[in-house]
Amino acid sequence: MSHAVLKLDKAQLNKIKIEYHPYIQSNVPQGGLFVAKVEGCTITAYKSGKILFQGPAAEQESSRWSEGETVLKTKEVKGRKKHAYLPPEQVGSKSMIGSDEVGTGDFFGPITVVAAFVSKEQLPLVKELGVKDSKLLKDPQIIEIAKDLIQSIPYSLLVLDNPKYNELQSKGMSQGKMKAKLHQKAISNVLEKISGPDTVEGILIDQFCEPDIYFRHTNSQPGTNPPIYFETKAEALHLSVAAASIIARYAFLKKMDDLSDSVGLPLPKGAGPHVDEAAAKVIFKHGVDVLKKVSKTHFANTQKALKLVQQKRKG
Ligand code: MN
């Protein structure tokens, strides 16, 4: 079992707790602050500032918090699980299809998945358009860059809307499996769009699960041509992943605008307490059936919103 440990300050831990809001567990060990369970990883935060990630997705999950301008002090990663599908070192200068998804942690709105092809020859152009790690870009920049990108490179955008998501989820399909199938479909769409697979030197998936699990979910085989690679934070490794991420975020933002218009209320991103409030407003205005059409109903936000509505009706 792989695990990772980060040491963070209190503000950071509180921020993380809000992010894991739908996944918080009731059992907290001694000295513990909170426990959250997501697919492939259990997260335990301690009052001491230590936060422990355990399970096959430990490395990936902990990496969400160890980047950017966060106030990280130390980082120790033990038992780091290397896999056989890491991209080669010079991957950044190759002709690659990259894929990424948006919306998996957001209560409101769909999951959007994009695969995009950036050839060697197009790398300078794509860079010129301002493509970089989308986490470093603000929404208006994302929109502006995405509008140029969709005119310039072959891509496939898939949107899993809320009714379909909820149907699949209620039938027992994990979010991991949904993502895997969407990535696979988007990638095969792009392969069909471009002149011949010969021009593609590789496929790079921004890793959201262990490669073995991806192959199982998609009923596919490793060792295909072009080769398929997985790595976390792949946005930084090849512009195709960064471009895919930007287009996926752009599509997500547009859908969120549409959904907000449809219910006549602004629907926030994320899954924190402000989302519970917004969900309660949707129930108040339209009823719970309409909420289900614009959200991922298995998130704990649904129950929390229903409670808020109850309290308001009593009060
Ligand atoms: Mn990603």
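User: In β8, what is the bridge partner of I111?

Analyst: L160 is the bridge partner of I111 in this predicted model. In β8 you'll also find L158, the bridge partner of V113.

User: What makes β7 and β8 count as paired strands?

Analyst: Pairing takes at least two bridges. Six bridges join β7 (residues 111-118) to β8, so the two pass that cut-off. They run antiparallel.

User: And how do you know that β6 and β7 pair?

Analyst: Check the bridges again: β6 and β7 have seven, in the antiparallel sense, and at least two are needed. On this side, T112 in β7 stands opposite V102.

User: What is the order of the strands in the whole sheet?

Analyst: The order is β8-β7-β6-β9-β10, five strands in an open sheet with mixed pairing.

User: Why are β8 and β10 said to stand at the edges?

Analyst: Because β8 (155-160) and β10 (228-231) each have a single partner strand, one side of each is left without a neighbour in the sheet. From one strand to the next, the twist averages 15°.

User: Which strands does helix α6 touch?

Analyst: Helix α6 (residues 175-193) packs on the sheet and touches β6 (96-102), β7, β8 and β9 (202-206). Helix α8 (residues 239-263) lies across β6, β7, β8 and β9 too, at about 35° to β6.

User: Why is β7 called largely enclosed?

Analyst: Buried means under 20% relative accessible area. Eight of the eight residues of β7 are buried, so the rest of the structure largely encloses the strand. Both faces are covered: I111, V113, A115 and F117 are buried on one side, and T112, V114, A116 and V118 on the other.

Note on methods
Residues are numbered from 1 along each chain as its sequence is written. This is a predicted model: local features need pLDDT of at least 70, side-chain atom pairs count only at pLDDT 80 or more; totals for chains, interfaces and linings use all residues. Side-chain values use heavy atoms; hydrogens and water are left out. Helices (H or I, at least four residues) and strands (E, at least two) are DSSP runs, numbered from the N terminus. Axes are lines fitted to C-alpha atoms, for helices over the stretch in contact, and angles run from 0 to 180 degrees between N-to-C directions. Contact means heavy atoms within 4.5 Å. Buried means under 20% relative accessible area, exposed over 50%, partly exposed in between (1.4 Å probe, protein chains only).
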